Amino acid sequence: MKKTLIGFLISILLLAAVGCSSETTPQSKASSDAIQVGLVQLADNGAFTDMREGFTNKMRELGYSEEGMVIDYKNANGDTATLNSIMQTMVEEKKDMIVTIGTPATQAIVNMDSGIPVFYISVSNPVGAKIITDMNTPDKNATGTSNAIPVSEMFKLADQLTPNRQTYGLIYNTGEINAVTTIENAKNYLDSVGLNYKEVIITSSSEVQQAAESLVNQVDAFFIPNDSMVQSAMPQVAEIAKNAKIPVYGSSAVMVQSGAFATVSIDDITIGAITAEMAEKHLKGTPIDQIPSLVVTDFTTVINKSTAHALGLTLPQNVLDSAKIID
């Protein structure tokens, strides 16, 4: 009898310990009729964090409380197999909506043809990535925001801030259609104005530093597209470039915060918030094919003042007056 009682008590203690060590899921805190939203990205970086917060905060502002809308955030840490597994789990859980950040995450869920509404944040070329076939009347149960990179404006800024640069270094991953599209646009622009470029293609973020080192003695400046792999290694690229007195022009404000010299880009929090407003339209009854995919074009010039100082550059006052300056 004593052994039976002791065994019973041990079982109770073990169950309690397991309960204490398990992470409480958001679903357990919410009512059963709460809207279940999956929010997924391939990799983490500052831009994606701002987009995620922009979406979440706007949904809360619109009246969707934590009790009324559960946002289940997942990050695949750069691994596509993990990304697909996350998406499969969300389909099996029958999420009411899946929100994706960036092109790879969006492609992963749209290709599953799950029937779950998809709202994407910051996909540069939704049609080229085969996510939808028409921006005005989106199909495949998906719509969202596009952050087309203003390549011509970027190089015009570069010519103003750092004139007489003849050769640009390009680093990107061909597995990200958004990066490929931006690089193609950059090459076309550079060809049209008679400037040169050298490129290095990478397949993981661990290759970015070596790529930058291989180019640093061959180029006058770097242009980095909207590539999550390269962006995650931006501090290394920026440091290598600064040591060589070479400016880095990035494709997002977060790249500039990470040490790049300058960019012309959208505000990442804003694009997340715009996508939230699109999601709310659907929640209120508007079919997805009646919610056009939006190209966000509210661009801002962003300059890293510390990087400018390290490069020995003097910035024109007219640029300083209109730009966002990061110290």
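Tutor: The buried residues of α5 are covered by elements that include β1 (35-41), α4 (80-92), β3 (97-101), β4 (118-121), β5 (142-146) and α7 (177-192), where covering rests on contact, meaning heavy atoms within 4.5 Å. Helices (H or I, at least four residues) and strands (E, at least two) are DSSP runs, numbered from the N terminus. This is a predicted model, in which local features need pLDDT of at least 70 and side-chain atom pairs count only at pLDDT 80 or more, while totals for chains, interfaces and linings use all residues. Residues are numbered from 1 along each chain as its sequence is written, and side-chain values use heavy atoms, with hydrogens and water left out.

Of the eight residues of α5, seven are buried, namely Thr-103, Pro-104, Ala-105, Thr-106, Ala-108, Ile-109 and Val-110; buried means under 20% relative accessible area, exposed over 50%, and partly exposed in between (1.4 Å probe, protein chains only).

The chain is assigned domain 1 (35-148 + 267-297) and domain 2 (151-266 + 300-325), with bounds that come from an automatic or database domain assignment. Between them, domain 1 and domain 2 bury about 1,200 Å², 60% of it on carbon and sulfur atoms, this area being the accessible area (1.4 Å probe) that two parts lose on being put together, summed over both. On the side of domain 1 that touches domain 2, α3 (46-61), α5 (103-110) and α12 (268-283) each supply at least two residues, and α3 gives the most, with four residues. In total, 17 residues of domain 1 are in contact with eleven residues of domain 2.
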